[in-house]
Amino acid sequence: MKFGGTSVESAEAIDRVAEIVQSRLACRPVVVVSAMGKTTNALLAIASTAAAGERDGAMSMLCVLADFHRRESAQLRDLDEPFEELVALVSEVARTPELTPSASDAFAS
């Protein structure tokens with residue numbers, strides 16, 4: 001079972017996904033969940049902004065993304081650690097400023 005995009009775009013949508021998965025637990029499903037709707041595009045835009053040396057702009061965009069995820073998933077998980085890792089990654093990309101394939105992959109995963 002794969003879910004992503006609009007099927008996980010909000011806390012309400014994630015609850016629906018959880019219900020679907022729970023209803024099929026007897027089948028022992030393998031569940032793959034990708035980024036919430038528009039998150040991959042936002043991460044790529046943040047990466048490009050950082051690679052252009054625009055650290056403040058990239059950090060501002062990252063704050064918007066973090067706030068959205070924290071708001072939508074407040075009941076599901078503490079997101080501080082994953083976003084701290086993203087802050088470090090954005091800082092490094094802005095410092096170099098180079099967006100290598102491996103850095104691009106880190107933003108998209």
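**Exercise 1. State which residues of H3 are buried, and find how they are arranged around the helix.**

Solution. In this predicted model, the buried residues of H3 are Ala58, Met59, Leu62, Leu65, Ala66, His69 and Glu72. Viewed along the axis of H3, these buried residues lie within an arc of 155°, so they line one face of the helix. Next, take the face turned away from that buried side: Asp56, Val64 and Arg71 are the exposed residues carried there. Last, look for what covers the buried residues of H3; the cover includes H1, strand E2 (32-36), H2 and H4.

**Exercise 2. Check whether the span of H3 agrees with its number of residues.**

Solution. H3 has 18 residues, and at 1.5 Å a residue it should span 26 Å. The expected span is 1.5 Å times one less than the number of residues. The C-alpha atoms at the ends of H3 are 26 Å apart, so the model agrees with the expectation.

**Exercise 3. Describe the largest nonpolar core and say which elements build it.**

Solution. This core holds 14 residues, of which Ile46, Ala50, Leu62, Phe83 and Val90 touch the most other members. The elements that contribute two or more residues to it are helix H2 (39-51), helix H3 (55-72) and helix H4 (80-95).

**Exercise 4. Locate serine 10, decide whether it is buried or exposed, and list its contacts.**

Solution. Serine 10 sits in the loop between strand E1 (2-5) and helix H1 (11-23). Its relative accessibility is 18%. The cut-off for buried is under 20%, so serine 10 counts as buried. Leaving aside neighbours within four places in sequence, serine 10 is in contact with Met36 and Glu72. Of these two partners, Glu72 is one of the buried residues of H3.

Conventions: Residues numbered from 1 in each chain as written. Predicted model: local features only at pLDDT ≥ 70, side-chain atom pairs only at ≥ 80, totals over all residues. Heavy atoms only, no water. Core = buried A, V, L, I, M, F, W, Y, C linked by side-chain atoms within 4.5 Å. Buried < 20%, exposed > 50% of the residue type's maximum accessible area, 1.4 Å probe, protein only. Helix = DSSP H or I, 4+ residues; strand = E, 2+ residues; numbered from the N terminus. Contact = heavy atoms within 4.5 Å. Arc of directions from axis to C-beta.
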